[in-house]
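Visitor: I am new to this structure. Please take one part of it and go through it closely.

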Amino acid sequence: MRLFHILTGFSKKGVWFSARKMSTIQFLKASSGDSIAYEKVIGDKSLPTLMYVPGYGSGKDGDKAKYLKGVAAELGCSFVRYDPVGQPRGESTNKPFESMEFQDWLENGEEILDNISDEKTILIGSSMGGWISLLLAENPKFKNKIK
């Protein structure tokens, strides 16, 4: 039954995750000078934070990010999602999508992980975000932050 509730977005009480602390879109000023739009929902501090790393052309408002936000709510975890710079439909700094390089999106992930996410972070990457997650996990700077 629990899987059904996660898939449908309803809690055990049949309420749409309204018990979570409401969050708003915020902006992180990156070292590059760009603004990265993100959302952080605070959960139980004793649990790991789930951080969604979007894939190529994707962002914080896609179906996967919304689904994972619901899973985090069901589990009681904190959750972080963001729009990479240059994402066409995103709220971050709007740069020509064609001018963006893989390194730009990797640096966005580093900025969010370093400045917004908590200790005990579990990275969840989709498509290219999976590769970014692997590179973040391999970075010695984040050795004690990623679980």
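Guide: Leu135 counts as partly exposed because its relative accessibility is 35%; buried means under 20% relative accessible area, exposed over 50%, and partly exposed in between, with a 1.4 Å probe and protein chains only. The model is predicted, so local features need pLDDT of at least 70 and side-chain atom pairs count only at pLDDT 80 or more, while totals for chains, interfaces and linings use all residues. Residues are numbered from 1 along each chain as its sequence is written, and side-chain values use heavy atoms, with hydrogens and water left out.

Leu135 belongs to helix H4. Helices (H or I, at least four residues) and strands (E, at least two) are DSSP runs, numbered from the N terminus. Apart from neighbours within four places in sequence, Leu135 is in contact with Phe102 and Leu106, where contact means heavy atoms within 4.5 Å. Leu106 is 29 residues from Leu135 along the chain, and their C-alpha atoms are separated by 8.0 Å.

Next comes the core. The largest nonpolar core has 22 residues, and Leu136 is among those with the most contacts inside it, as are Met51, Tyr82, Ile112, Leu113, Leu123 and Ile132. Such a core is a set of buried Ala, Val, Leu, Ile, Met, Phe, Trp, Tyr and Cys residues joined through side-chain atoms within 4.5 Å. Two or more of its residues come from each of strand E2 (35-41), strand E3 (49-53), strand E4 (79-82), helix H3 (102-115) and helix H4 (128-138). Helix H3 gives the largest share, four residues. A second, separate core has seven residues, including Tyr52, Leu68, Ala72 and Phe79. In soluble globular proteins, nonpolar side chains tend to be buried together.

Not counting residues up to four places away in sequence, Ile112 touches Leu28, Ile36, Tyr38, Met51, Val80, Tyr82 and Ser117. Asn108 also lies in helix H3, and it counts as buried because its relative accessibility is 6%. With neighbours within four places left aside, Asn108 is in contact with Ile36, Tyr82, Pro84 and Val85. A polar atom of the Asn108 side chain lies 2.7 Å from the backbone nitrogen of Val85.

As for the whole chain, it has four helices and five strands, in the order α-β-β-β-α-β-α-β-α along the sequence. Of its 147 residues, 46% are buried. Among contacts between residues at least 6 apart in sequence, 66% join residues at least 24 apart.

Key. Polar contact = N/O pair within 3.5 Å; in protein donor to acceptor, adjacent residues only side chain to side chain.
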